[in-house]
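Me: I am new to this structure and would like to go through it by question and answer. Please show it to me before we start.

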Amino acid sequence: MRAPLTAMAGLAAVVVLGSGCGDPARGNLDVNWTFAGKSCLAAGVHTIQVDIAHELLNPNQFSCDLGGGTIAGGANLGTYLAGRYTLTISGLDANGVVLYQTQQDITVQRGDNVLQIDVPSVPGGSVSLNWTFGGLTCAQAGVTSVRMSVDGALIIDQAGSLDVACSANGIAGTSISPLAPGNHRIDLVGLRSGVRSYWLQNLQVSVADRRDTSAHVDLPVGQPTSATADVSWDAILSAGGFAPGTQGALTCAEAQVDVVSIALDPNLDGSGGTFAGQVACDTAGVEGAPVSPIPAGTHSFAISGIRGSTVVYQTRHPASALFEPGLLSNVDVAADAVGSAVGQATLTWDFGTMSSPCPVAYTLTDPNGKKQTASVCGPSVLVAGVSGLWSIDATAGAFQAHILFAVPNQSSASWTIPFTK
């Protein structure tokens with residue numbers, strides 16, 4: 001959870017945080033997994049990804065097939081300070097699609113800790129498409145293959161090809177799975193002798209959990225020559241955002257960015273490129289923008305986050321994607337803090353109707369994963385340092401708090417930290 005934002009002006013000096021003393025208890029953590037009661041191999045899992053919130057695991061992905069008939073039934077995740085952690089285990093297929101996932105709060109105690117976790121399948125359904133082309137069958141229209149994107153992700157067949165057979169085993173159409181419950185956008189292009197000849201954009205399909213949705217679609221004649229990029233810097237819903245770190249990136253409001261400038265095919269360091277537009281950072285809750293036309297092929301993007309008239313965030317590692325004429329492709333773009341790359345935040349304790357207990361002991365984790373521990377008597381604390389997404393773990397008597405908060409680049413913010421028993 002991220003605390004609500006309150007703006008503050010100015011930039012104060014860096015606060016000096018005291019550190020604790022003594023030898024903290026540590027425990028070794030092993031995790032053994034199954035997937036809906038099956039081994040990873042039997043469940044169709046190719047890769048197991050393990051993440052612990054606010055901890056940097058290296059490696060955090062493990063292959064199911066270890067070779068020689070051996071499969072991975074678990075992993076040693078290392079040694080941790082005794083305490084509570086949030087663990088996420090994901091089972092991915094060979095294409096990186098998440099088939100199984102669980103998130104659990106775990107407790108690490110002194111000594112050896114061995115967890116047995118059964119990972120359930122993710123909620124989802126499928127779509128079965130049956131298509132025609134201007135009212136004609138595949139054979140009548142001369143269409144041999146169809147290229148598609150779903151929600152900006154290009155669809156490939158089991159052989160890894162973008163060209164899905166127009167008709168197979170007497171069925172003109174295909175099935176797409178897994179898809180999360182809810183509405184999905186599908187774009188389709190029908191090819192005749194390798195030429196894009198039929199085209200339909202923005203087909204809306206509603207998917208129900210654990211059910212197949214059938215849809216008939218008729219593609220009108222159309223010859224698309226360019227693609228569309230869905231460029232996103234949404235730090236919550238995508239891999240984009242501002243000042244990315246070990247705990248995530250900042251949203252527009254958290255980064256205090258007003259407008260975003262977009263560049264197509266920049267240099268490797270994010271500079272230069274072709275200007276592709278400037279838009280409001282957040283448009284009615286959408287932190288991103290469509291960019292068109294995009295030529296066929298692989299293209300990269302960079303963004304600049306602007307506050308007032310000053311660039312305070314800039315992409316240093318451009319994001320790229322494959323673009324297919326007539327289809328939509330997602331590109332999640334991040335931008336690093338530039339200039340001083342530091343800021344500050346005032347954290348104010350919230351104990352409801354109670355006054356602040358004394359002391360409040362807390363551990364701060366900065367965007368680089370560095371931890372600082374201190375205690376304070378008083379209603380608030382000033383945090384200053386590298387800009388990005390920080391976390392605080394705090395205790396005060398029977399109360400505790402665990403929350404993420406933002407430190408904007410070259411600015412300041414104010415956050416309320418709620419405590420619960």
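Me: Leaving aside neighbours within four places in sequence, which residues is Ala276 in contact with?
Reply: This is a predicted model, where local features need pLDDT of at least 70, side-chain atom pairs count only at pLDDT 80 or more, and totals for chains, interfaces and linings use all residues. Residues are numbered from 1 along each chain as its sequence is written, and side-chain values use heavy atoms, with hydrogens and water left out. Contact means heavy atoms within 4.5 Å. With neighbours within four places set aside, the contacts of Ala276 are Ile262, Ala263, Leu264 and Val291.

Me: How many Å separate the C-alpha atoms of Ala276 and Ile262?
Reply: Ile262 is one of the contacts of Ala276. The two residues are 14 apart along the chain, and their C-alpha atoms are separated by 5.3 Å.

Me: Is Ala276 buried, partly exposed or exposed?
Reply: Buried means under 20% relative accessible area, exposed over 50%, and partly exposed in between (1.4 Å probe, protein chains only). Ala276 has 29% relative accessibility, so this residue counts as partly exposed.

Me: Which strand holds Ala276?
Reply: Helices (H or I, at least four residues) and strands (E, at least two) are DSSP runs, numbered from the N terminus. The chain has two helices and 37 strands. Ala276 lies within residues 274-280, which form strand E24.

Me: What percentage of the residues in the chain is buried?
Reply: The chain has 421 residues. Buried residues account for 45%.
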